[in-house]
Amino acid sequence: MNRRLLAALFALVALAAPASTPARPIQDSQLQIRLARALHVPHVAPARSAAVALDLTTGTVLFQQNGNRPLAPASNEKLPLTYAALMRLGTAFRIETDVLGEGEQDGTQWTGTLVLKGNGDPTLSRTDLRALAAQVKSLGIRSVTGGVAGDESAYDTRRIVAGWKPSFFMDESPPLSALVVDRARVGSVVTRTPALAAATAFRDALRNAGVAVAGPVRTAPADEWSELVASVSSPTLAAMVRFMDRESDNFTAEMLLKQLGLAELDRGTSAAGATVVMQTLAEAGVPMTGVRIVDGSGLSRLDRLTTTALGSLLKIAWADPAVRPALLAALPVAGVNGTLEHRLSKPPARGRVLAKTGTTDSASSLSGYVSDRYAFAVMQNGHPLSYWWARRAQDRFAQVLAGS
């Protein structure tokens with residue numbers, strides 16, 4: 001065979017080679033078509049619908065629609081908060097509630113005031129107050145002369161967050177305070193003065209434990225020279241975010257946002273916490289164009305996220321061994337628990353999709369993981385938005401990924 005004929009044969013083989021390679025690009029194209037179709041539903045404007053899907057192994061973006069469009073995220077806002085809290089505070093972090101003594105112990109009498117100082121524990125309960133009262137009694141104290149004070153100074157006294165509808169106060173979250181017992185519930189009502197209610201409940205716990213209390217119940221910061229008398233701690237941060245994300249609990253989210261501000265910037269405010277979340281995302285490499293964090297729950301009409309940012313955040317969290325286990329444990333499981341207990345309950349999604357939901361009257365969202373293969377995010381906005389059709393699109397999107 002001469003050289004010219006041999007060269008021609010090699011050229012033909014080279015031209016034919018691409019046709020014999022794996023057909024992944026064609027498969028990806030078919031997946032993109034199916035995902036696009038899944039999102040197409042009535043009463044949800046395509047221009048106000050965004051989505052992304054990523055391959056967790058390669059980091060490749062497999063699908064994107066309006067990925068950089070800023071949209072109201074509803075409770076998908078809790079994902080950036082969860083990531084920032086786990087990164088900055090750590091899974092084992094706990095919040096302490098203290099009893100501080102102003103005065104001195106004289107035999108069995110505490111001459112002065114006992115101060116119940118809250119540091120923002122969203123789980124604080126009357127059971128904890130009974131434990132604190134028992135600790136006071138164990139010190140030999142049988143009477144208090146100066147009453148009980150509640151100290152909520154660790155956080156500011158704003159009970160809501162900027163951008164909330166007036167109806168969200170009480171309906172969507174009890175009042176925010178550094179000192180809240182049983183989510184501010186007193187009997188069958190939610191009080192608007194949580195720190196005073198907490199101090200009153202602590203006085204009652206002391207009396208029930210056999211410690212007589214004379215003097216007033218009030219709210220006031222503890223004196224700098226007060227001494228530690230008793231303390232209890234919250235569950236771990238990992239446990240708190242698991243409850244927050246699975247049940248989409250707004251109160252826990254807002255309390256943890258202020259906790260971030262207190263721990264990192266020494267300011268127990270929503271604005272300080274939002275600053276910490278934004279900084280944490282930026283430092284991790286999340287694209288921040290169009291992102292605006294105002295609260296922790298997603299109730300604020302001022303919040304904005306992009307599916308590009310959410311997809312990137314999910315990919316980064318997946319790759320971080322310090323964050324990934326706690327985040328996966330916190331996400332609702334399709335057809336099994338949390339806010340996904342009654343969604344995506346059929347194969348192939350059931351048990352394989354782990355995702356955070358989000359719903360308001362103008363926003364709906366679903367973002368998370370499909371097994372160990374994909375990360376995805378879907379957000380839709382409207383005025384008003386048909387949440388039924390929005391969820392239909394989200395569920396179909398997740399089902400397509402689960403079946404691919």
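Seven features open the account: 7 bridges join strand β1 (residues 49-55) to strand β14 (residues 374-381), and these two strands run antiparallel. Helices (H or I, at least four residues) and strands (E, at least two) are DSSP runs numbered from the N terminus, and two strands pair if DSSP finds at least two bridges between them. This is a predicted model, in which local features need pLDDT of at least 70 and side-chain atom pairs count only at pLDDT 80 or more, while totals for chains, interfaces and linings use all residues. Residues are numbered from 1 along each chain as its sequence is written, and side-chain values use heavy atoms, with hydrogens and water left out.

**The sheet**

- Strands β1 and β14 belong to an open sheet of 5 strands, whose order is β2-β1-β14-β13-β12 and whose pairing is antiparallel.
- The edge strands are β2 (61-65) and β12 (353-359), each of which pairs on one side only.
- From one strand to the next the twist averages 5°, where axes are lines fitted to C-alpha atoms (for helices over the stretch in contact) and angles run from 0 to 180 degrees between N-to-C directions.
- Helix α10 (residues 307-318) packs on the sheet and touches β1, β2, β13 (363-370) and β14, contact meaning heavy atoms within 4.5 Å; the direction of α10 makes about 155° with that of β14.

**Helix packing**

- Two packed helices are described by the angle between their axes and the distance between the axes.
- The axes of helix α4 (residues 126-138) and helix α6 (residues 194-208) come within 9 Å and cross at roughly 50°, and α4 and α6 are therefore oblique to each other (angles under 35 degrees count as roughly parallel, over 145 as roughly antiparallel, 65 to 115 as roughly perpendicular and the rest as oblique).
- The crossing of α4 and α6 is right-handed, a crossing being right-handed if the near helix is turned clockwise from the far one by less than a right angle, and left-handed if anticlockwise.
- On the α4 side R126, L129, R130, L132, A133 and V136 meet A198, A201, F202, A205 and L206 of α6, and by class this contact has 9 nonpolar, no polar and 2 charged residues; Ala, Val, Leu, Ile, Met, Phe, Trp, Tyr, Cys and Pro count as nonpolar, Asp, Glu, Lys and Arg as charged, and the others, Gly among them, as polar.
- Helix α3 (residues 78-89) packs with helix α8 (residues 250-265) at an angle of about 40°, their axes being 10 Å apart; α3 and α8 are therefore oblique to each other, and α3 passes α8 in a left-handed crossing.
- Residues K78, L81, A84, A85, R88 and L89 of α3 make this contact with N250, A253, L256, L257, Q259, L260, A263 and E264 of α8, giving 9 nonpolar, 2 polar and 3 charged residues by class.
- The axes of α3 and helix α9 (residues 270-284) come within 9 Å and cross at roughly 80°, which makes α3 roughly perpendicular to α9.
- That contact involves P80, L81, Y83, A84, M87 and R88 of α3 and V276, V277, Q279, T280, L281, E283 and A284 of α9, with 9 nonpolar, 2 polar and 2 charged residues by class.

**Aromatic pairs**

- The count comes to 4 aromatic pairs, where rings of Phe, Tyr and Trp (its six-membered ring) pair if their centres lie within 6.5 Å, and planes under 30 degrees apart count as stacked, over 60 as edge-to-face and the rest as tilted.
- The rings of F376 and F397 have their centres 6.3 Å apart and their planes at 45°, so the pair is tilted; F376 in strand β14 and F397 in helix α12 (residues 387-403) are 21 residues apart, and the pair links distant parts of the chain.

**Backbone details**

- A cis peptide bond with omega of about 5° joins P347 and P348, and P348 has its place in the loop between α11 (324-330) and β12.
- The peptide bond from H383 to P384 is also cis, with omega near -10°, and P384 is found in the loop between β14 and α12.
- N66, in the loop between β2 and α3, has phi near 50°, a positive value in a residue other than glycine.
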